[in-house]
Amino acid sequence: METAVAGAETVRRSISLPAALAGKIDLIAASRHVTGNRAIIDLLEDAITAYEQRRTAFLDLADRFQKSTDPRETERLREELARMTFGH
C-alpha cells in the first residue's frame, strides 16, 4: 500500500462519523501529534493493508484446499477456511 505523497492528487470526501468514533480519532490524532485528517488517512491505509493481507491469505488457503489430495489436509484446510469465513 502506498502512503500519500506530498503533491500527490487528492480527492475530497465528506463522511459522517458516529460521535464515539470521532472521539477515538481525535484521541489518536492528539497522541500522534497529527491532525484528525492525517489520523483518518493513516487508519484507513492500515485497514486497507490488513484487508488486502486477509484476502490474500484466504485466497491462498482456498487454492491450497482446492489442490489438496490428502484427505486429512483437505479437512484441516476446510476447517481453517470455515474459521476465516464464519469466525468459528
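Visitor: Hi! What should I know about the model before we start?
Guide: It is predicted, so local features need pLDDT of at least 70 and side-chain atom pairs count only at pLDDT 80 or more, while totals for chains, interfaces and linings use all residues. Residues are numbered from 1 along each chain as its sequence is written, and side-chain values use heavy atoms, with hydrogens and water left out.

Visitor: How many salt bridges does the structure hold?
Guide: There are 5, where a salt bridge is a side-chain nitrogen of Lys or Arg within 4 Å of a carboxyl oxygen of Asp or Glu.

Visitor: Which residue does R38 pair with?
Guide: D42, with the closest N and O atoms 2.9 Å apart. Helices here are DSSP runs (H or I, at least four residues), numbered from the N terminus.

Visitor: Is D42 buried or exposed?
Guide: D42 is buried, at 18% relative accessible area. Buried means under 20%, exposed over 50%, and partly exposed in between (1.4 Å probe, protein chains only).

Visitor: And what about E80?
Guide: E80 meets R76 in a salt bridge at 3.3 Å, N to O. Both sit in helix α3 (residues 71–86), 4 residues apart. At 27% relative accessibility, E80 is partly exposed.

Visitor: New topic: where is D60?
Guide: D60 is in helix α2 (residues 36–67), and D60 is partly exposed at 46%.

Note on methods
Helices (H or I, at least four residues) and strands (E, at least two) are DSSP runs, numbered from the N terminus.
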